[in-house]
Amino acid sequence: MKKFYDTVVIGGGLTGLTAAVYLSKAGKSVLVIEKERQLGGLARTTKVNGAYFNLGPHAMYEGGAALEILRDLECVPRGGYASKKEMSGIYGNQIIQITKDFSLEESEEWRKVMGTLSDVKTDLLYSISIKEWAEKNIGHERVRDLFYAMCRQWSYCMDIGEISSGFVIEQGKLAANGVRYVEGGWQKVVDNLRKKAEHFGATISSDIKAEQILLKEDAVKAVILSNGRFIQSKSVITAIGPTELCELVQGYEHMSIGKWKGMSHPLYGSCLDVALRKVPDPTCVFALSLDEPLYYSNHSISVRLSDDDSHVLHVMKYNGNNNLSEVEMDERRLRELLNLLQPGWENEVVAVRFVPNQLIAYDSRSVMNHGVGVAPGPVVPEISGLFVAGDWVGRRGRLADAAMDSARQAAKEAINFN
Ligand SMILES: Cc1cc2nc3c(=O)[nH]c(=O)nc-3n(C[C@H](O)[C@H](O)[C@H](O)COP(=O)(O)OP(=O)(O)OC[C@H]3O[C@@H](n4cnc5c(N)ncnc54)[C@H](O)[C@@H]3O)c2cc1C
């Protein structure tokens, strides 16, 4: 670690590493600081008994910024696409086959809704909720319920009365292009970005926390680290959440970052990640509940996620902005769902992990609140040299797409600044 860098990047998740690649590729000296030993943040993968567990179900959408950037940086890992064919629906405790168990009229309407989604002009739909849009455009109740379930999956939000239809329909269009899983888990994406950044000369330090961004006359001067070191730099990109960012800046209450912190509504979910020697019902690949915010998918149908041939399945409950969902109830409900879809799964367990109230993204603002309002960053107007990036920054896309797109924007700003 040197004493001076052109830019210090705080956070070693997808956002921080993406920014580091762009900066170092442009010839800037870069230091990435990550407080955990393992890089990756929410995109990290943990190996449990030979199975590779992402932190809950993770997929990239073709046409989204994440894959576009990974291709641009030659960092796309091996992957496979989710099957578009096999899908089950769940009503209460009953499985229905989509669309075999629909009436002829319902099936036709479902095909029409999905088949014409790419033609929907979304420009004027950002201030209309998906509930309002669906009530006008979908006649059959079961078809509407299925569409709402898809919208929950695309947005990770629960409240169909709040989700911006423009935003979520754009997401649906991306999903129609292809939903891509990563062979070996998302850590491969993290590792590829890390290697690329190091190849261009970036220094990446994990297990060290950034404690403070030191300012002098409204400009960035240095970053103070948990090991007591001062790293001088005229620019900093923060690739962390808005609350964590405010902890690093004295006087944030009077700045835009304080306002952005107040505006942010993080998203949460409870995840049951399971690896099985054998899947009791191999035909059950993907299911969404039509009357509860529940998701199930066997990702191993598309990609290898274990050292042996065990299958990795993800079951999840979307909790919206609530991080206090009842832990025991969530676990029981997810296990019940798995009992219904894969009876006898407990006899085949290689690894199982339940994570309640997991942070999924730092903000749902662009998806909720009818998508209105000015988007945060990447420039922090009150502090010269401070730039922000993350899934809560900017306007394009959501989750990893928003994270990586804003990282590219922030890097561009920092390159021009230096
Ligand atoms: C269950 C689940 C499912 C998801 N599904 C999808 C999906 O299907 N598709 C999709 O696109 N996205 C999905 N996501 C979201 C996606 O993982 C995130 O949007 C993305 O990984 C955010 O990356 P980030 O780098 O901005 O933030 P993070 O991953 O949170 O990285 C921030 C990093 O900064 C570090 N840090 C924080 N403070 C400091 C400090 N002071 N000093 C040093 N380091 C610090 C943290 O330790 C962390 O490693 C999902 C997330 C979860 C949890």
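In this structure, I90 stands opposite S289 of strand β16. What we have here is a predicted model, where local features need pLDDT of at least 70 and side-chain atom pairs count only at pLDDT 80 or more, while totals for chains, interfaces and linings use all residues. Residues are numbered from 1 along each chain as its sequence is written.

**Around β16**

Strand β16 covers residues 286-289; strands here are DSSP E runs of at least two residues, helices are H or I runs of at least four, and both are numbered from the N terminus. F286 and L288 point one way from β16, A287 and S289 the other way, and all are buried, meaning 20 or more other C-beta atoms, placed from the backbone, lie within 10 Å of a residue's own. In a regular strand, side chains alternate between the two faces of the sheet.

Now for the pairings, which need at least two DSSP bridges between two strands. A hairpin of four residues links β16 to β17, and L288 has Y295 as its bridge partner in β17. Here are the strand pairs side by side:

| Strand pair | Bridges | Sense |
|---|---|---|
| β7 (residues 88-91) and β16 | three | parallel |
| β16 and β17 (residues 294-298) | three | antiparallel |
| β12 (residues 219-225) and β13 | three | antiparallel |

**A three-stranded sheet**

That last pair belongs to an open sheet with the order β11-β12-β13 and antiparallel pairing. Its edge strands are β11 (210-216) and β13 (230-232), each pairing on one side only. On average, neighbouring strands of this sheet are turned by 30° against each other, direction ignored.

**Helices α2 and α11**

Helix α2 (residues 65-72) and helix α11 (residues 399-417) have axes that come within 7 Å and cross at roughly 50°. The axes are lines fitted to C-alpha atoms, for helices over the stretch in contact, with angles from 0 to 180 degrees between N-to-C directions. A65, A66 and I69 of α2 make the contact with A400, D401, M404, D405 and R408 of α11; contact means C-beta atoms, placed from the backbone, within 7 Å. Those residues divide into five nonpolar, no polar and three charged, where Ala, Val, Leu, Ile, Met, Phe, Trp, Tyr, Cys and Pro count as nonpolar, Asp, Glu, Lys and Arg as charged, and the others, Gly among them, as polar.

Methods:
A residue is buried if 20 or more other C-beta atoms lie within 10 Å of its own, exposed if 12 or fewer, and partly exposed in between; C-beta atoms are placed from the backbone. Two residues are in contact if their C-beta atoms, placed from the backbone, lie within 7 Å.
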